[in-house]
Amino acid sequence: KDVILKKQLVPFRRYNGGIGRKAQAKNHHAAGSQGRWPKKSAEILLELLKNAESNAEVKMLNTDALVIDHIQVNAAAKIRRRTYRAHGRINPYMSSPCHIEIILSEKDEAVPKAEDEKEKKKVSQKKLKKQKMKQALQGGGD
């Protein structure tokens, strides 16, 4: 919501050729203070999160305890159109859609560790053999 209201920008770290510099990008330590407010993308993501929340309600999950477990954006097949240029030429006019995958999960309540049980410290095989040799040497010398 902050991106749509231009209160918080999205830093452009990778494909940032020709991206203008903004003062808000300094807060994200973006290289060259480059960033934008992608309104359309932010609205689509908000709709997707709202849809995921309603799906969780249908599955009888606690919506207050939901956290984003995994989010991934993959490139989809390009949609081909063509644009007409001067002198009777034609150039491709491609759109680049994407698939957005979001997996939400219920956040488990933190269970405190039992204080009575003390974990045994793991000892390596090499150390165990050294200890056995020392005991054998001490026991054999008496």
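**Charge, exposure and shape**

Analyst: Lys 121, Lys 126, Lys 127, Lys 130 and Lys 134 form a patch of positive charge on the surface. This is a predicted model, in which local features need pLDDT of at least 70 and side-chain atom pairs count only at pLDDT 80 or more, while totals for chains, interfaces and linings use all residues. Residues are numbered from 1 along each chain as its sequence is written, and side-chain values use heavy atoms, with hydrogens and water left out.

User: Why is Lys 130 called exposed?

Analyst: Exposed means over 50% relative accessible area, buried under 20%, and partly exposed in between (1.4 Å probe, protein chains only). Lys 130 has 54%, so it counts as exposed. Lys 130 lies in helix α2 (residues 125-141).

User: Is Ser 33 buried or exposed?

Analyst: Ser 33 is buried, because its relative accessibility is 17%. Ser 33 sits in the loop between β1 (10-11) and β2 (35-36).

User: How do you know that the chain is more spread out than a compact globule?

Analyst: The chain has two helices and six strands (DSSP runs: H or I of at least four residues, E of at least two). Its radius of gyration, taken over C-alpha atoms, is 29 Å, well over the 14 Å that the globule rule (2.2 Å times the number of residues to the power 0.38) gives for 142 residues, so the chain is more spread out than a compact globule.

Key:
Patch = residues over 30% accessible without salt bridge, like charges linked within 9 Å, V, L, I, M, F, W, Y side chains within 5 Å. Areas by Shrake-Rupley, 256 points an atom, 1.4 Å probe, with all protein chains shown as cover. Salt bridge = Lys/Arg side-chain N within 4 Å of Asp/Glu carboxyl O. Lys, Arg positive; Asp, Glu negative; His and termini not counted. Charge placed at Lys NZ, Arg CZ, Asp CG, Glu CD.
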